[in-house]
Amino acid sequence: MENLVLSKEKLPEMLTEIASKYALFGPIEENGFTSFKHINNSQEINLDYLLTRISPKSLIFQQTETLFTFNKGKEVKVNTPKTDEAKRVIFGIRPCDARGYSILDPVFEGKKEGDYKDPFYTKKRNRSTLIGLSCNKPDLNCFCTSFDDSPASAKNVDILFTDIGEKYFVDIVTEKGKELIENLSKLFSKASEENREVREKVEQDAINAITRHMNTEGVVKKLDKMFNHDLWQKTAMRCVGCGICTFLCPTCHCFDMQDEAILKEGARIRVWDSCMYPEYTMHASGHNPRPARMNRVRNRIYHKFSYFPKNDKIFACTGCGRCIDYCPVNIDIIDIIAKVKEAKT
Amino acid sequence: MTKNPYQPMLATVIAIKEEVGGNRAIKTFKLEFQDEKVKENFNFLPGQTIMISLFGIGESMFAISSSPTEKRYIEVSVMKLGKVTNALHEMSVGDTVGARGPYGNHFDIEGWKKKNLLFIGGGIGQAPLRSLLNYCLDNRNEYDNLEVIYGARTSEDICFKEKFDEMQKQQDVDVHLSIDVQEEGWNHFVGFVPANLQRLNPSPENTIAITCGPPIMIKFVIQNLLELGFKENQIYTTLEMRMKCGIGICGRCNIGNVYVCKDGPVFSYDQLKDLEGDM
């Protein structure tokens with residue numbers, strides 16, 4: 001892994017250079033909260049944020065996306081829309097959110113022969129270069145370290161920036177990252193041993209600042225014996241079913257497909273959906289396999305901590321803490337897993 | 001762009017048969033793909049499903065109810081219940097629908113050769129069984145006894161009635177019909193499907209039982225089959241769930257860690273009994 005440093009005052013120049021060749025996305029503050037948006041002017045970027053409210057999964061797996069259009073005149077025609085071909089750079093993504101992409105990859109890209117690939121996701125994912133930004137000061141509900149990750153993890157990004165004071169320490173992780181930096185090399189200088197030591201310290205301090213931990217050891221096996229445990233009913237008693245945990249989660253990937261049409265033309269559009277809603281699984285016959293909130297709360301936890309590990313060998317949780325931060329009734333996923341660990345079966 | 005798996009192919013409705021009228025109307029739609037190559041080459045196996053699109057309305061997954069031995073068209077048998085099925089029932093011959101698939105796994109038509117097949121259907125649940133049954137009838141020498149136990153709420157609700165009548169006359173299939181409540185002129189069994197099964201007491205020897213119907217019927221049919229001595233791996237069912245993508249991505253049709261759209265819809269009871277999930 002090659003290491004460079006970038007003086008902070010050169011950051012705008014770097015971003016301007018990148019924006020001239022790539023579609024640049026980064027955190028922007030709007031209406032009091034940050035989210036990842038397309039950036040035209042490097043001044044727009046706000047790096048004072050820790051986590052955007054909506055995770056950057058929305059850049060790859062869009063909240064709404066046209067899957068195809070149709071004309072339904074005398075002769076019906078269907079067409080796949082032209083997709084955005086521009087190469088993208090996502091700047092300032094946090095290591096946990098970058099890990100979210102890695103968790104979603106097997107879902108959308110397929111994992112074995114014969115699996116379907118989602119071209120909308122795959123294309124945007126392959127065209128994106130990720131420049132991560134380490135977290136110097138993790139938040140109250142951050143727990144990425146519970147998943148063998150770190151606030152300065154370079155595992156799921158192409159390049160990682162770490163704020164070391166006057167400068168950013170730059171880890172060039174992948175070939176894709178190297179390629180991006182090559183044309184910008186005049187802005188960077190070689191990292192010194194001292195720079196590296198500061199980076200290590202920043203990472204260690206950040207790790208030490210994380211106070212919350214989820215112990216997932218043995219949880220998959222434990223859940224196998226807890227499907228009928230009263231923990232789910234108890235948790236569901238508090239849940240209001242708003243679905244915010246699923247919309248903000250960087251690994252939730254459920255979607256609905258809806259038609260929007262006027263008389264002769266229209267489109268089938270994919271929109272984020274949430275397993276927390278009763279309509280989600282409701283059959284036309286009226287039968288609903290998950291009729292009660294208990295069923296839906298249980299399914300959400302099982303999907304992340306049982307089904308994902310069974311199907312994709314990974315927990316579908318990054319430890320970003322959004323579902324804890326934004327739950328209106330303080331349901332705490334760390335607490336739920338702790339109760340799973342404690343539960344008598 | 002790599003192939004867009006969400007974009008359906010186009011198919012023309014070439015015939016519509018009204019199977020059941022009234023409140024629980026069922027129609028069978030015969031569909032022909034508009035693309036000549038697709039029409040020639042579309043292949044599927046009994047048990048597989050297809051996503052039918054009505055543009056501007058939406059999409060629903062159906063079991064293909066025709067047999068793959070019937071070439072150049074497919075059929076779906078649809079009960080009028082929700083938004084898409086209501087709109088489908090309004091369609092006329094010559095109209096265009098979207099179709100993508102086939103999806104999912106299928107009945108083991110190779111492994112079940114030289115075996116007796118016992119079909120146990122209820123209501124519209126006969127649709128996926130019809131594909132397999134018709135396939136077996138078209139390859140009659142490959143299979144041993146074929147027996148059908150089928151029930152509906154009333155005699156008016158019996159789906160594929162003419163086909164049952166025809167089969168009863170042919171004598172190479174045993175057909176046992178039932179309705180839930182006695183009606184004048186009805187001289188077959190009265191009662192629920194699981195009760196009819198118990199009464200008929202079929203032998204499990206060299207037999208595969210395939211059942212489809214309302215969830216509650218499936219539950220008791222399986223219970224009765226086990227009591228009759230059927231082993232878990234001799235009992236098969238095909239499940240339905242609300243589906244959107246049909247290709248294992250959108251997340252809603254799971255039972256435990258299994259997706260009905262791609263890992264199913266056909267399951268043996270052997271697989272199902274260990275599957276803890278909401279059904």
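Me: The bounds of a domain come from an automatic or database domain assignment. What domains is chain B divided into?

Reply: Chain B is divided into domain 1 (9-103) and domain 2 (116-238). The structure is a predicted model, in which local features need pLDDT of at least 70 and side-chain atom pairs count only at pLDDT 80 or more, while totals for chains, interfaces and linings use all residues. Residues are numbered from 1 along each chain as its sequence is written, and chains are lettered from A and ligands numbered from 1 in the order in which they are written.

Me: What makes the two domains of chain B count as being in contact, and how many residues does each give?

Reply: Two residues are in contact if their C-beta atoms, placed from the backbone, lie within 7 Å. By that criterion the contact takes 17 residues from domain 1 of chain B and 14 residues from domain 2 of chain B. The C-alpha centres of these domains lie 24 Å apart. On the side of domain 1, strand S1 (9-20) and strand S5 (74-79) of chain B give two or more residues; helices (H or I, at least four residues) and strands (E, at least two) are DSSP runs, numbered from the N terminus.

Me: How is the side of domain 1 of chain B that touches domain 2 of chain B divided into nonpolar, polar and charged residues?

Reply: Ala, Val, Leu, Ile, Met, Phe, Trp, Tyr, Cys and Pro count as nonpolar, Asp, Glu, Lys and Arg as charged, and the others, Gly among them, as polar. This side therefore divides into seven nonpolar, eight polar and two charged residues.

Me: What is the corresponding division in chain A?

Reply: Domain 1 of chain A is 2-209 and domain 2 is 219-342, with 26 Å between their centres, taken over C-alpha atoms. Their contact takes 34 residues from domain 1 and 27 residues from domain 2. On the side of domain 1, strand S4 (64-72) and H3 of chain A each supply at least two residues, and S4(A) gives the most, with nine residues. By class, this side has 15 nonpolar, 10 polar and nine charged residues.

Me: What makes up the side of chain B that touches chain A?

Reply: Here 34 residues of chain B are in contact with 40 residues of chain A. Strand S4 (58-63) and strand S6 (96-103) of chain B each supply at least two residues of the chain B side, which by class has 14 nonpolar, 14 polar and six charged residues.

Me: Why is H8(A) called roughly perpendicular to H10(A)?

Reply: Helix H8 (residues 231-238) and helix H10 (residues 293-312) of chain A pack at an angle of about 105°, with their axes 8 Å apart. Axes are lines fitted to C-alpha atoms, for helices over the stretch in contact, and angles run from 0 to 180 degrees between N-to-C directions. Angles under 35 degrees count as roughly parallel, over 145 as roughly antiparallel, 65 to 115 as roughly perpendicular and the rest as oblique. The angle of about 105° therefore makes H8(A) roughly perpendicular to H10(A). A:Trp232, A:Gln233, A:Thr235 and A:Ala236 in H8(A) meet A:Arg293, A:Met294, A:Val297 and A:Arg298 in H10(A). The residues of this contact divide into four nonpolar, two polar and two charged.

Me: Why is A:Ile336 called partly exposed?

Reply: A residue is buried if 20 or more other C-beta atoms lie within 10 Å of its own, exposed if 12 or fewer, and partly exposed in between, with C-beta atoms placed from the backbone. A:Ile336 has 19 other C-beta atoms within 10 Å and is therefore partly exposed. A:Ile336 lies in helix H12 (residues 333-342) of chain A and, not counting residues up to four places away in sequence, touches A:Thr235 and A:Ile301.

Me: What makes A:Asn31 and B:Asn206 count as buried or exposed?

Reply: A:Asn31 has 6 C-beta neighbours inside 10 Å and so counts as exposed. B:Asn206 has 11 other C-beta atoms within 10 Å and so is exposed. A:Asn31 has a positive phi of about 50° although it is not a glycine, and B:Asn206 likewise has a positive phi of about 50° without being a glycine. A:Asn31 is found in the loop between strand S2 (23-30) and strand S3 (33-38) of chain A.

Me: How do you know that the peptide bond from B:Gly101 to B:Pro102 is cis or trans?

Reply: Its omega is near 0°, and the bond is cis. B:Pro102 lies in strand S6 of chain B. A cis peptide bond also joins B:Gly264 and B:Pro265, with omega about 5°.
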